[in-house]
Amino acid sequence: MKTYLLEIGCEELPPKVILTYKDFLKQYVEESFKEFFEYDSPDNIKIFVTPRRLAVLIKNLREKQPPKQQVILGPPYKVAVDQEGKFTKAALSFAQKNNIPLENLQKIQNEKGEYLGAVILQEGKDLKHHIMEVIPTLFKSFPQLKSMVWNDSGYRFPRPIRWVVSLLDDEVIPFSVAGVNADRYTHLHRFMTAPVGRGEKKQINHSNEYEEITKLGFIIANFEDRKNAIKTQYEGFARSLDAQIIEDQDLLDEITCLTEFPVGIVGDFSPEYLILPDEVIITVCKHHQRYLNFKKDGKLIPKFLAFSNVAVKDRDVIKNGYEKVLKARLEDALFFYKEDLKQKLEDNVEKLKGIQFHEKLGSLYDKVIRNLDLAKIIAKEIGYTDETKIERAVLLSKADLLTNMVKEFDELQGIMGMYYALKQGEDREVAKAIYEHYLPKTADDDLPQTTLGTILALADKIDTVVSFFSIGEIPKASADPFAVRRNAIGIVRLLVEKEIDIDLSKIIKDEKVLDFLLGRLESYLQSKGYRTDMINAVLSLKDANLYRNYLKVKALTKIINLPDYESVIQVFKRVGNIIPEGFTGCVDQTLLENPYEKQLYDKVSVVKDEYLKLIESKDYEGALGKLIELKPYIDKFFDNVMIMVEDEKIKQNRLSLLKQINDLFRYLGDFTKIVGG
């Protein structure tokens with residue numbers, strides 16, 4: 001078995017590029033080499049990414065693809081063979097053109113009919129030649145991130161390529177990219193091997209040596225290994241300080257992307273800066289310096305943890321440099337904080353009139369007023385009655401955008417509004433709502449904890465979605481510049497996870513917006529593992545109550561566990577399918593002749609009232625149970641009652657009975673959409 005190594009050596013790549021290309025490389029190699037693997041193993045593909053290199057080690061490769069059977073179709077069989085069973089001119093021409101011996105021709109049946117053809121054994125491709133085809137193609141296939149051209153080759157890449165290693169076992173597989181010829185030489189750590197600044201140029205004799213050579217050259221090439229090394233260090237530092245690290249997965253990934261040989265260094269900052277809100281200090285450390293912070297007994301301590309990309313004897317030199325830079329940043333933050341507190345938040349509200357939200361949607365003040373109108377409607381729908389708090393929270397919700405701190409650190413919007421509001425004596429619930437109205441910021445972010453915060457969050461997100469739809473700024477698959485999709489997902493999560501029973505059609509009149517939100521609900525439910533047919537059964541009815549839709553999907557899913565699931569779905573679908581489109585009609589009890597239709601009608605009458613009460617109370621599982629009680633009566637009806645009789649009145653009456661049943665079904669969903677039965 002063979003092992004192939006590809007390494008692309010670059011100037012330092014940005015973290016976003018590294019994370020994107022890490023996943024892309026895995027996917028590309030899995031697809032490109034799947035027919036060459038001797039057997040399935042997690043060790044078949046190893047991906048290595050650092051700031052200076054993208055590499056893949058592919059193991060357990062065959063020297064050749066296994067041979068494949070290939071079917072070659074010729075003319076229709078009746079054209080290729082005459083009545084005497086002899087090959088016609090068309091058959092002979094086909095055989096000659098494809099170099100197929102006549103004795104190998106045979107009749108081949110497919111979905112289109114009978115053809116003359118042949119089944120030939122196609123020899124597998126040679127691994128070496130396959131590599132020479134797919135690897136150059138790889139360089140044309142990298143996702144198009146922000147890139148550059150650095151020489152006359154015209155090749156674009158996020159950073160200049162300085163070397164390429166291409167080794168099949170001990171043999172160089174030649175190709176050239178961006179003017180660089182592939183060979184067997186890698187470069188070790190830029191600062192911990194000589195010459196400093198470039199790193200030692202090291203020959204790789206065999207592809208299997210790669211991991212050991214990079215390790216000895218002060219490079220932890222595997223992303224997960226490097227990440228674990230960082231975690232091990234920060235856990236050790238935390239223990240030594242009798243504190244807890246403030247974990248941040250995004251920051252951990254970023255530090256992993258910025259280092260090849262991470263070395264942790266604990267630094268200090270003055271306790272005087274602890275008067276700043278914790279989020280300010282953490283934001284300064286994270287976004288500007290990539291430092292981690294510690295807490296002890298739930299409180300931030302004046303320590304930070306930085307990771308250098310180099311080990312030195314005297315760490316104090318690096319530590320002092322880190323501390324000096326952080327001090328300057330914290331000093332700025334403290335100045336902003338003190339200056340902001342000199343002015344009331346409410347004084348900024350009027351100034352929002354001078355800040356454009358969007359040229360077609362007015363100012364930020366206009367958005368605040370729209371949010372206020374929506375918040376009052378939402379509050380009324382869910383029974384929140386403190387209108388004074390609603391007005392105060394909405395009016396102050398965007399005021400911190402004009403503060404010095406948020407202008408410098410825009411990720412602190414809402415957070416600073418909350419702290420400034422508390423400092424200035426605002427009601428605690430109002431202050432918290434200022435922060436919470438931005439939540440959730442992402443698909444997996446925290447939700448608001450307070451009812452007031454939830455109301456503001458819904459109002460803000462609904463206004464954003466509706467407003468941008470109103471000016472034609474509808475998100476596309478490849479572009480969503482105004483985060484409309486993200487806001488829509490936030491609306492779905494707020495309604496479903498906060499269990500808000502509200503009909504959005506009372507708030508949103510644009511059908512396109514309602515359909516868009518139902519689409520986001522569909523994606524949300526799929527992400528939670530619900531079956532697509534169950535989701536379609538509910539959402540196809542276009543109910544604008546997203547929370548109830550979720551409960552219905554959850555309830556319908558229970559039907560799968562019934563021992564007679566197939567027969568239940570079959571009969572429920574039969575009821576829906578037999579009713580003509582657009583059919584209307586009422587049951588005339590005097591026209592019920594057959595005892596089985598009478599029994600069904602009587603059972604429906606008994607079940608209906610209790611069923612509708614269960615629907616109204618959102619006990620959809622109980623309601624489903626009531627529908628299942630109808631099944632034996634429906635079975636007997638179909639077995640013993642002719643529906644399409646000549647007597648038009650009787651036929652219409654029986655269809656009306658089935659429609660009455662199907663109308664009950666549709667309080668839960670359209671059972672014809674469910675697979676099975």
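The structure is a predicted model, in which local features need pLDDT of at least 70 and side-chain atom pairs count only at pLDDT 80 or more, while totals for chains, interfaces and linings use all residues. Residues are numbered from 1 along each chain as its sequence is written, and side-chain values use heavy atoms, with hydrogens and water left out.

Let me begin with the interior. In soluble globular proteins, nonpolar side chains tend to be buried together. A nonpolar core here is a set of buried Ala, Val, Leu, Ile, Met, Phe, Trp, Tyr and Cys residues joined through side-chain atoms within 4.5 Å; buried means under 20% relative accessible area, exposed over 50%, and partly exposed in between, with a 1.4 Å probe and protein chains only. The largest nonpolar core has 97 residues, and among the members that touch the most others are Ile-462, Leu-504 and Ile-634. Helix H15, residues 451-470, supplies the largest share of this core, 10 residues. Helices are DSSP runs of H or I with at least four residues, and strands are runs of E with at least two, numbered from the N terminus. A second, separate core of 42 residues includes Tyr-4 and Phe-36.

I turn next to helix H17, residues 511-527. Its 17 residues reach 24 Å from the first C-alpha to the last, close to the 24 Å expected at 1.5 Å a residue, where the expected span is 1.5 Å times one less than the number of residues. Among the buried residues of H17 are Val-513, Phe-516 and Tyr-524. What covers the buried residues includes H15 and H19, through contacts, meaning heavy atoms within 4.5 Å.

Finally, the charged pairs. A salt bridge is a side-chain nitrogen of Lys or Arg within 4 Å of a carboxyl oxygen of Asp or Glu, and a search of the whole structure finds 52 of them. What do the side chains of Asp-463 and Arg-370 form? They meet in a salt bridge, at 2.7 Å from N to O. Asp-463 lies in helix H15 and Arg-370 in helix H10, residues 364-382, so the pair ties together parts that are 93 residues apart in sequence. Asp-463 counts as buried at 4% relative accessibility, whereas Arg-370, at 23%, counts as partly exposed.

Asp-501 also forms a salt bridge, with Arg-548, the closest N and O atoms being 3.0 Å apart. Asp-501 is in the loop between H16 and H17 and Arg-548 in helix H19, so this pair joins parts 47 residues apart in sequence.
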